Amino acid sequence: MDIKGMRYFISAAENLSFTKTALEQNVTQTAISLCISKMEEELGFKLFTRKNRSVQLTEAGRDFYKQIVHIVRNYDEAVEHSRNTAEGKAGEIRIAVPDHIVGMSLIPSLRAYQKTYPQLRVKAQMIPPHRITAALDSQEIDAAIGFPQEFEFIPNLRHRVIRNDRLVVAMSPEHPLASLNDPDLRQLSEQTFTVVHPQKAPMVDRYMYRIWDQAGLKPKKVIHASSLEDALLDVALGNAIILITEHSQPFCSHTLVYQRPRVLENLSIEIAVAWRDQENPLLVGLIWALLDT
């Protein structure tokens, strides 16, 4: 008994006519009759009683219909789900983000993707940059978000830049610069800046120093925080100021003051997605969704 034969039986049970079933299934009436007879022989009991040109379900036939209709429905759902998985429209994809704020900035894109493919589950989890390679190798995650410089020298790792973020300066409302509309390079250089510790995010540290160098900015002092969240606490307490991306600003504290000085207006930070498995169709769809934004 195969799935096609089951469908023939279900159609015949619902139509109570081999003629209608043949038309519905686009086969001959003889094919339907032979299929039902073969099923009855295989099962060892009658499914239909035949009188002239009409057919009726036997008691066993009615019971068999109730059981088998769920099997075929589950089979069809399984085929659809697996087809969607093969096309990148279903399944689960795990994506690593370096911190809560970057993760939250991706939520609009991830929500839109899941709305398009409701059978797809995207799971975002925070993993420090220094653990990304091990997490990809162990298949703990399928993809990771970070700076392209973090990924370009890792063997067998592909990456794509998904957006260019402009930079803003975040500070406490009580900070001396908070009352200025456009602090200049000298005023910025007199401040204490904070950045994530190089042991936790080595490329973030190097990248930030490169950004400062490009702008001609030489901070008076640099505080290394164990995470971006800790760095923002220092900023909120007035101990330092920090450069963050424009996309991140809505997900930082609303009690902070944000400025975009003209001396930084030509500077931006690239954000990339990295992955190993080139055959995973879920990743292809997700990467395109992130690129669209």
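**Reading helix faces**

Mentor: Let's start with a cysteine: at 17% relative accessibility, Cys-35 counts as buried, where buried means under 20% relative accessible area, exposed over 50% and partly exposed in between (1.4 Å probe, protein chains only). This is a predicted model, where local features need pLDDT of at least 70 and side-chain atom pairs count only at pLDDT 80 or more, while totals for chains, interfaces and linings use all residues. Residues are numbered from 1 along each chain as its sequence is written, and side-chain values use heavy atoms, with hydrogens and water left out.

Trainee: Which residues of α3 are buried?

Mentor: First, the general idea: an α-helix has 3.6 residues a turn, so residues three or four places apart point the same way. In α3, the buried ones are Ile-32, Cys-35, Ile-36, Met-39 and Glu-40. They cover an arc of only 135° around the axis, which puts them on the same side of α3; that arc is taken from the directions from the helix axis to the C-beta atoms. Helices here are DSSP runs (H or I, at least four residues), strands are E runs of at least two, and both are numbered from the N terminus.

Trainee: And which exposed residues sit on the face turned away?

Mentor: Thr-30, Leu-34, Lys-38 and Glu-41.

Trainee: What do the buried residues of α2 pack against?

Mentor: Contact means heavy atoms within 4.5 Å. Phe-18, Thr-21 and Ala-22 are the buried residues of α2, and they pack against α1, α3, β1 and β2. On the other side of α2, you'll find Lys-20 and Leu-23 exposed.
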